[in-house]
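Good morning, and thank you for joining this group meeting. Please look at the display first.

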Amino acid sequence: MNKKIPKFNASLKLIIMCSFIFAGMLISFNEAEAYIFEEENTVLHIQEQTEINPVKPLYTDKAELTTLVYMGFLWSPQPVVLPKPELPAKRVMDPAMPVLAPRTEQILETQKVTATGYTAGVESTGKTPKHPQYGITYSGVKVRRDKETVSTIAADPKLFPMGSILYIPGYGYGIVADTGSAIKGNKIDLYFPTTKQVYKEWGKKDVEVHVIKQGAGKCTEQMLTELSKAIDVYKMVPDSWLDKAI
């Protein structure tokens with residue numbers, strides 16, 4: 001038995017054709033305006049950033065309408081994802097500024113010494129990482145190397161008492177926290193985390209070090225923390241910290 005297929009009249013055909021044409025024009029018009037249809041059916045359209053708020057992007061719902069129309073005509077259950085627009089690259093923060101040498105009026109004296117790099121390992125201290133005192137200096141603080149603030153160094157306490165702050169050209173600020181049987185007179189040891197750094201960055205040199213504070217015979221973790229914070233802010237040891245009694 002033949003079934004009769006209903007015929008569309010001319011007006012209905014015209015309406016459907018116009019709808020497809022309109023949808024196509026709308027999609028084409030919005031292709032340049034990139035958008036992302038997210039998992040929770042949230043469509044965000046990123047507009048061109050304005051000078052008023054260059055960081056936070058503005059959003060509109062133009063892309064949402066386009067997406068719904070596009071999905072409706074294509075019967076697609078998948079979200080439509082167009083290329084994401086190129087946003088300005090994130091600004092790279094300036095690298096940390098190196099510490100500054102002390103001012104002339106801050107220097108108490110200048111001493112010519114032989115500075116040798118050392119580590120906390122067997123090659124310098126005879127201790128292994130399993131040793132309970134590994135990495136612990138004579139003063140009791142843990143060894144540290146920080147080019148941007150302060151590092152622990154070893155010296156003869158008769159020449160540079162514990163807690164003395166020195167500026168070593170090419171190394172930075174060092175605080176006397178350690179000593180050793182071979183460190184006598186004008187000899188100091190500069191701490192490095194590894195032997196590779198010792199040979200690559202220092203080795204053994206004769207240098208003129210600037211004493212900017214005479215120690216009182218002790219060096220504590222609190223002193224290290226406070227001094228480190230002060231240098232981190234001022235990029236040098238501030239006068240207010242040098243004047244305080246420690």
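**A loop residue, the cores and the pocket**

Let me begin with Lys-235, which is found in the loop between helix H5 (221-234) and helix H6 (239-243); helices (H or I, at least four residues) and strands (E, at least two) are DSSP runs, numbered from the N terminus. The model is predicted, so local features need pLDDT of at least 70 and side-chain atom pairs count only at pLDDT 80 or more, while totals for chains, interfaces and linings use all residues. Residues are numbered from 1 along each chain as its sequence is written, and side-chain values use heavy atoms, with hydrogens and water left out.

The phi of Lys-235 is near 65°, a positive value in a residue other than glycine. Lys-235 counts as buried because its relative accessibility is 12%, where buried means under 20% relative accessible area, exposed over 50% and partly exposed in between (1.4 Å probe, protein chains only).

Across the protein there are six helices and nine strands, and 35% of the 246 residues count as buried.

I turn now to the cores. A nonpolar core is a set of buried Ala, Val, Leu, Ile, Met, Phe, Trp, Tyr and Cys residues joined through side-chain atoms within 4.5 Å. The largest has 24 residues, and Phe-160, Ile-168, Ile-188 and Leu-190 have the most contacts inside it. Leaving aside neighbours within four places in sequence, Phe-160 is in contact (heavy atoms within 4.5 Å) with residues including Val-113, Leu-166, Ile-188 and Val-211. Apart from this core lies another, of 19 residues, among them Val-150 and Leu-224.

Which residues are closest to the centre of the largest pocket? A pocket, on a 1 Å grid over the protein atoms alone, is an open set of points where a 1.4 Å probe fits, with protein on both sides within 12 Å along at least five of seven lines; lining residues have an atom within 4 Å of a point. The largest pocket holds about 460 Å³ of space, a volume being the space filled by probe spheres set on points joined across faces, edges and corners. Of its 23 lining residues, Ser-124, Thr-125, Asp-178, Thr-179 and Gly-180 are the closest to its centre.

Finally, consider Ala-154 in strand E5, which is buried, with a relative accessible area of 1%. Ala-154 and Gly-180 are 26 residues apart in sequence and 7.3 Å apart in space, C-alpha to C-alpha. Not counting residues up to four places away in sequence, Ala-154 touches residues including Asp-178, Thr-179 and Ile-188.
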